[in-house]
Amino acid sequence: MSENSDDEERDSGVEGAPVDAHSEDGYGGSAAPVTAVQLLAERRERLRKERLHIGALCSSLLESPEKRLKNLWAVVRLMDERTRDGSAQLASVRQLAALSALEVFRDLLPEYTIRHQDYNGIKLKKETLALYKYEKELLEVYQRYLQRLERGANALRGRGRGDDRLALVCVRCLCELLAARPYFNFAANIVATVVPLLQARSDAARRLAAEWCTYVLSDDVRGDISVTVVRRVARLARAHGDRLRPEALRCLLALRARDILDDEDELRRRRLRDEKHKKRIVNLSKNEKKRAKKLREVERELQETTARENESARRRHLTEATRSLFHIYFRILKGAPAPALLAAALEGVAAFAHVINVDYYSDLLSSLTALGVRATGAEALRVAHAGLAVLAGRGEVLAADPTPFLDLLFRALASLHHS
């Protein structure tokens, strides 16, 4: 669908044409000079009309999404810097359009990923063809919307000055879409835009990105979006090195590693519950009992097969995520980072010591021991805590001596007591 089609306002469900962006009154020619008060009044009136126009487009769209999806194209285009006649678009209108489209997409987007095949030459039912066309157009307008949000959010990544208020609105829209539909199309693209903002020049942008990365990691039940987030943070760590901000590491503490490791116990409890339910069925005839038994067995096998597949996928995602996670920590521990960044890395090591691959333990303990030699005060406490956490987990199989970390702990406590 072309964004510049002339007939896209037809059947929109909205009376009249879109609001004209600018009036010629007060601009050039022999007209009298326009005062600041008049300009402000004109701007307010224009914003009021655009607000009504956007509201009418969205409300009529939600009444019949399949027939009036072109309304959403009109709303998304209001996010552009220029109107159709080439004049500058009001920043307030762009923000309003972005937020309005966000609410519409949260209502329209399905939970599943849209995957379309080439149906050329294949005869489809009328309803199936209509659904295919609707989903295809919905995905197209959603992609255009995300592209505009990305352009707006990228103003916070460079050193140049832009409209920070509009950029923050774009970031919030991206974050809320990712939280609402983490498994829908283009989720990885949203992550690729949001995660670099953990290093943004704007404090508000960093807080927003960290808040929503934390939420997405803590709410991810499948693990695939977590892998994407951790990999992006790892890329950020490689690019910025010791200049990486601690927020980028602290949001990773929300990774659901512990929950995933407990899934086998949940599967066992589910099997026991099914067995108890089976014993309660005693009032059926012999044939009915056999038939019900076979049906339950088939259903249970299907459920267990699905559960095992999901468990396998989640464990695979967990392995990939933790591998990237500890690459980040190793890179920081072996360098000479700022105290705040080192503290965040040590906190992460202590939190995820129970899921680290045994092959990494020797290098990790060596790095922590080297840090402990020169650490003092609160930093020494963090190093000792991380080292003991490593040895208390799977590190027990190494039979490593915890004495260096215990000595470091007692020295740090003594120095803090005397200070």
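View 1. Helix α6 (residues 187-194) is largely enclosed by the rest of the structure, because six of its eight residues are buried. Buried means under 20% relative accessible area, exposed over 50%, and partly exposed in between (1.4 Å probe, protein chains only). Helices (H or I, at least four residues) are DSSP runs numbered from the N terminus. This is a predicted model, in which local features need pLDDT of at least 70 and side-chain atom pairs count only at pLDDT 80 or more, while totals for chains, interfaces and linings use all residues. Residues are numbered from 1 along each chain as its sequence is written, and side-chain values use heavy atoms, with hydrogens and water left out. The buried residues of α6 are Ala 187, Ile 190, Val 191, Ala 192, Thr 193 and Val 194. They pack against α4 (126-153), α5 (164-180), α7 (203-219) and α8 (224-240), a contact being heavy atoms within 4.5 Å.

View 2. Arg 206 and Asp 203 form a salt bridge through their side chains (2.2 Å, N to O). The term covers a side-chain nitrogen of Lys or Arg within 4 Å of a carboxyl oxygen of Asp or Glu. The two residues are separated by about one helical turn, because they lie three residues apart in α7. Arg 206 is buried at 7% relative accessibility, whereas Asp 203 is partly exposed at 42%.

View 3. The side chains of Glu 320 and Arg 231 meet in a salt bridge (3.2 Å, N to O). This pair links distant parts of the chain, with Glu 320 in α12 (residues 286-333) and Arg 231 in α8, 89 residues apart.
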